[in-house]
Amino acid sequence: MTKPPNAPLVGGVHAVIAALQADRPVYHVWRVAGATHNNSSLDKALAKRGLVSDVVDRAELDNWLPDIAHQGIAAEVAPPESIDERQLKRLIDKTGETSLVLVLDQVQDPHNLGACLRSAAAAGVDAVIAPRRRAVGLTATAVKVAAGAAHIVPFACVTNLARTLGTLQAAGYFAVGLDAEANTAIEMLDLTGRRIIMAGGEAGGLRRRSAECCDELGTIILEDAVESLNVSVAVGVTLFEARRQQRAKHLGARQVG
């Protein structure tokens with residue numbers, strides 16, 4: 001069997017299930033014979049779509065999806081589409097009290113966007129937001145690097161980033177911007193409620209106007225041997241610090257109760 005020409009592929013059990021459950025066309029699914037999966041969830045999702053999986057050699061999947069932990073399963077899926085401001089508003093209206101939203105201020109490298117989407121999916125982020133201008137969108141490279149996360153986390157392209165931040169803040173979100181020059185370490189900030197984590201682009205970090213829209217600025221303390229972190233790494237560190245704080249607060253509340 002050979003890979004369909006230019007087919008966008010998603011690899012990994014959870015990513016394939018998410019693609020099957022999403023409102024996107026799924027054209028083909030391949031599984032390595034004998035691979036262990038959550039077969040019940042996968043088979044239910046396949047049956048709901050009226051699809052069956054074909055058997056493929058593991059070496060072939062390795063060739064199709066290099067550097068991606070495909071777990072012996074892949075799917076050919078229609079590329080994800082970004083949502084607009086109106087769809088974002090409807091989504092935000094349904095989020096809970098520990099909602100996380102990631103805002104990327106002019107990130108232009110599709111590899112960085114893909115890596116940010118992967119971290120966002122792993123941290124349970126409700127939406128990733130980026131401006132339409134001077135920022136990369138859901139390109140084929142970004143989707144591939146995201147390894148299925150682009151089908152899991154809604155990605156919103158907005159015309160006016162400051163206005164969108166204001167809308168989120170009016171809905172109860174507190175905006176925390178990542179700034180290497182900030183005086184407060186991220187672990188000293190309260191990241192336990194409805195939070196926006198905002199990171200700047202590769203060239204110069206947060207723009208001044210974007211930083212001014214934030215409620216607080218925080219930094220990641222680095223050892224002297226390293227001057228800065230890649231934006232996708234900084235995003236991952238901060239998102240999981242937020243989730244760590246939320247778990248700790250929840251555990252503390254349970255113990256008190």
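For these entries I took a salt bridge to be a side-chain nitrogen of Lys or Arg within 4 Å of a carboxyl oxygen of Asp or Glu. The model is a predicted one.

**Entry: salt bridges**

I searched the whole structure and got 7 salt bridges.

I started with aspartate 93, which forms a salt bridge with lysine 89. The closest N and O atoms of aspartate 93 and lysine 89 are 3.0 Å apart. I noted lysine 89 as partly exposed, at a relative accessible area of 41%.

Next I looked up aspartate 105, which pairs with arginine 207 in a salt bridge whose closest N and O atoms are 2.8 Å apart. Is aspartate 105 buried or exposed? Aspartate 105 is buried, because its relative accessible area is 1% and the cut-off for buried is under 20%. Arginine 207 is partly exposed, at 34% relative accessibility.

I then turned to arginine 132, which forms a salt bridge with glutamate 85. The closest N and O atoms here are 3.9 Å apart, and the cut-off is 4 Å. Arginine 132 and glutamate 85 are 47 residues apart, and the pair again links distant parts of the chain. I found glutamate 85 in helix H4 (residues 85-92) and arginine 132 in the loop between strand E6 (127-131) and helix H6 (140-146). Arginine 132 is partly exposed, with a relative accessible area of 45%. Glutamate 85 is also partly exposed, with 25%.

**Entry: leucine 9**

Where does leucine 9 lie? I found leucine 9 in strand E1 (residues 9-11). I recorded leucine 9 as buried, since its relative accessible area is 12%. I also checked leucine 9 against alanine 130: the two are 121 residues apart in sequence and 24 Å apart in space, C-alpha to C-alpha.

**Entry: nonpolar surface**

Which residues make the nonpolar surface patch of about 270 Å²? I listed Val226, Leu229, Val233 and Val237. Of these I followed up valine 233, which is in helix H9 (residues 231-256). Valine 233 has a relative accessible area of 41% and therefore counts as partly exposed.

Note on methods
Residues numbered from 1 in each chain as written. Predicted model: local features only at pLDDT ≥ 70, side-chain atom pairs only at ≥ 80, totals over all residues. Heavy atoms only, no water. Helix = DSSP H or I, 4+ residues; strand = E, 2+ residues; numbered from the N terminus. Buried < 20%, exposed > 50% of the residue type's maximum accessible area, 1.4 Å probe, protein only. Patch = residues over 30% accessible without salt bridge, like charges linked within 9 Å, V, L, I, M, F, W, Y side chains within 5 Å. Areas by Shrake-Rupley, 256 points an atom, 1.4 Å probe, with all protein chains shown as cover.
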